[in-house]
Amino acid sequence: MSRETSQKAFLEAQELIPGGVNSPVRAFRSVGGTPIFITEGEGAYLRDVDGNSYVDYVQSWGPLIFGHRDESIEAAVIEAVKHGLSFGAPTEAETELAKLVVSFFDSIDKVRFVSSGTEAVMSAIRLARGFTGKDDIIKFTGCYHGHSDALLVEAGSGAATFGNPSSPGVPADFTKHTLLAEYNNIESVKKCFADSKNIACVIIEPIAGNMGLVPADKEFLHELRQLCDEHGSLLIFDEVMSGFRASINGAESITGVKPDMVTLGKVIGGGMPVGAFGARREIMAMLSPEGPVYQAGTLSGNPVAMAAGYAALKKLKDNARVIAVLEERAKRLVTGMQKAAEAEGIVMQIDVRGSMFGFFFNEAPVKNFADAAKSDAELFAKFHAAMLEEGFYFACSLYETGFISTAVTDAMVEDTIAAASRVFKAIKNG
Ligand SMILES: *Cc1c(COP(=O)(O)O)cnc(C)c1O
């Protein structure tokens, strides 16, 4: 398989765009090699500038649950475009999408649309602080909530629960209100609540997808709920990734734990830039112009983006079994790959939540970021490169989740397993 044109395109892009990409993970840094440059997507497939096709298990990092160029989404976008790209004034399309979102989530009475997941989470946290009148927040190591300053935080040394900025350019002053706890470890959360009496909210990916796929234990989430109630803090479920992917009714419907606020993104835009945050009436009433907490956006609720999101969510609503069907297929995929790995003496941990799947080359089950970090990165890089050569596009980092779309057939799943089997054999034979 030649990827010469992609290599040239990457060199040229690097001259003009830092690292050649507009979002770092796309650069393939953690697996080596060159990213493929895409010309088009069609159903389950991506085509690159050299004319190669790949079965796509990334799906734009989550949004495309119906695959590339879904007919109803495409038609909705084209229709919307004909009426104008943006008005900066209200449209009924926003209310229609809001109705759908509210119908899916028990914990959402009202919703505000923004243009990215980063923006959704950043705004939700401001609202939580405004609502509670408190400043500190608790987040979990290994959870990603977008790239806003206060959330780019890593574990401090030793016993410190107050995090340090994980990027230059973020003043330590901006992260001093962010406390870090360990995922699935309730004692670490209790320690944060002991260290600060000023916790506005706990933010968590209830089904974490940014350290590989690591779902939170139900018991852990129940205890988080209790701690938040005891301390008058809000519980925010960041479902930018898991929303409409793990379940159409949110993690709440899987775990039985009700959050105070939910942040959404990815699938909610059907491939267009849309994010959202929602909560019960009383909390959302604090948001400008109803209340004093400021938040705004020139392109928020953009009519073309709303049309794409509406078409995607409506299709999910009308095909309620989609997630269950995708879950079955995703299970077949990772179980098949695990068996193929086992046959070569390679241990693989697997998990599936709806249309999200994860796998780690790791001796032990993964419960948190420290566990995930013990995975075999070198083996993953080899696997990734060889699968790409076989025509299968997996996320280019072992800390990412895989996504299955309705365009992936059972036959494609079987082909993927057969390819994985060849790849593991080749890896084993050095
Ligand atoms: C992707 C993601 C974000 C950030 O969304 P962007 O649209 O990339 O800004 C936030 N939270 C979670 C859980 C995500 O997966």
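Reply: Among the elements, β4 gives the most to the lining of the second largest pocket, with four residues; strands (E, at least two residues) and helices (H or I, at least four) are DSSP runs, numbered from the N terminus. The model is predicted, with pLDDT of at least 70 needed for local features and 80 or more for side-chain atom pairs, while totals for chains, interfaces and linings use all residues. Residues are numbered from 1 along each chain as its sequence is written, and side-chain values use heavy atoms, without hydrogens and water.

The pocket holds about 510 Å³ of space. A pocket is an open set of points on a 1 Å grid over the protein atoms alone, where a 1.4 Å probe fits, with protein on both sides within 12 Å along at least five of seven lines; lining residues have an atom within 4 Å of a point. The volume is the space filled by probe spheres set on the points, which are joined across faces, edges and corners. Of the 27 lining residues, Glu94, Val111, Arg112, Phe113 and Ser300 are the closest to the centre. Two or more lining residues come from each of α3 (92–104) and β4 (110–114).

β4 also belongs to an open, mixed sheet of seven strands, ordered β4-β14-β13-β12-β9-β5-β8. β4 and β8 (178–181) are its edge strands, each pairing on one side only; pairing requires at least two DSSP bridges between two strands. Further along, β13 (261–264) and β14 (275–279) are antiparallel over four bridges, and Val262 has Gly278 of β14 as its bridge partner.
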